[in-house]
Amino acid sequence: MNNNEIKALILEELSNIAPEIEADDVPDDQDMREALELDSMDFLNLVIAVSKRTQIVIPEADYAKVLTLNAMISYIMNHA
């Protein structure tokens with residue numbers, strides 16, 4: 001899986017969780033929770049969905065490492 005494929009996967013899961021968010025509105029390097037007004041359950045559901053789709057476990061201790069779109073992409077790339 002390359003960066004673009006992972007980004008598309010994350011954006012797809014994000015749109016399933018928060019359909020009102022447009023992909024173009026997702027900042028690359030800002031905390032998605034703050035920038036997109038995601039609550040903790042939305043963010044948790046995003047992490048779980050991305051973990052299931054990629055088969056890469058993101059433990060709770062690492063949630064701070066996947067707060068931005070780019071950080072989540074890098075995390076998945078580094079753990080694939």
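Biologist: Which residues does the UniProt annotation "domain: Carrier" cover?
Modeller: The unreviewed UniProt entry places it on residues 1-80. Keep in mind that the model is predicted. In it, the end C-alpha atoms of residues 1-80 lie 8 Å apart. The span is 56% helix and 0% strand.

Biologist: Why is D31 called buried?
Modeller: Its relative accessibility is 14%. Buried means under 20%. The value falls under that cut-off, so D31 counts as buried.

Biologist: Where is D31 found?
Modeller: In the loop between α1 (3-17) and α2 (32-35).

Biologist: What makes the pair D31 and R33 a polar contact?
Modeller: The side chains of D31 and R33 are joined at 2.7 Å. The cut-off is within 3.5 Å for N or O atoms. The pair of D31 and R33 meets it.

Biologist: Which residues is D31 in contact with, leaving aside neighbours within four places in sequence?
Modeller: L67 and T68.

Biologist: Now T54. Is T54 buried or exposed, and how do you know?
Modeller: Buried, because T54 has 14% relative accessibility and the label needs under 20%. T54 is found in helix α3, residues 40-54.

Biologist: What does the side chain of T54 reach?
Modeller: The backbone oxygen of V50, at 2.8 Å.

Methods:
Residues are numbered from 1 along each chain as its sequence is written. This is a predicted model: local features need pLDDT of at least 70, side-chain atom pairs count only at pLDDT 80 or more; totals for chains, interfaces and linings use all residues. Side-chain values use heavy atoms; hydrogens and water are left out. Helices (H or I, at least four residues) and strands (E, at least two) are DSSP runs, numbered from the N terminus. Buried means under 20% relative accessible area, exposed over 50%, partly exposed in between (1.4 Å probe, protein chains only). A polar contact is a pair of N or O atoms within 3.5 Å; within protein, one must be able to donate a hydrogen and the other to accept it, and residues adjacent in sequence count only if both atoms are side-chain atoms. Contact means heavy atoms within 4.5 Å. UniProt positions are given in the numbering used here, feature names are shortened, and annotations may be inferred rather than shown by experiment.
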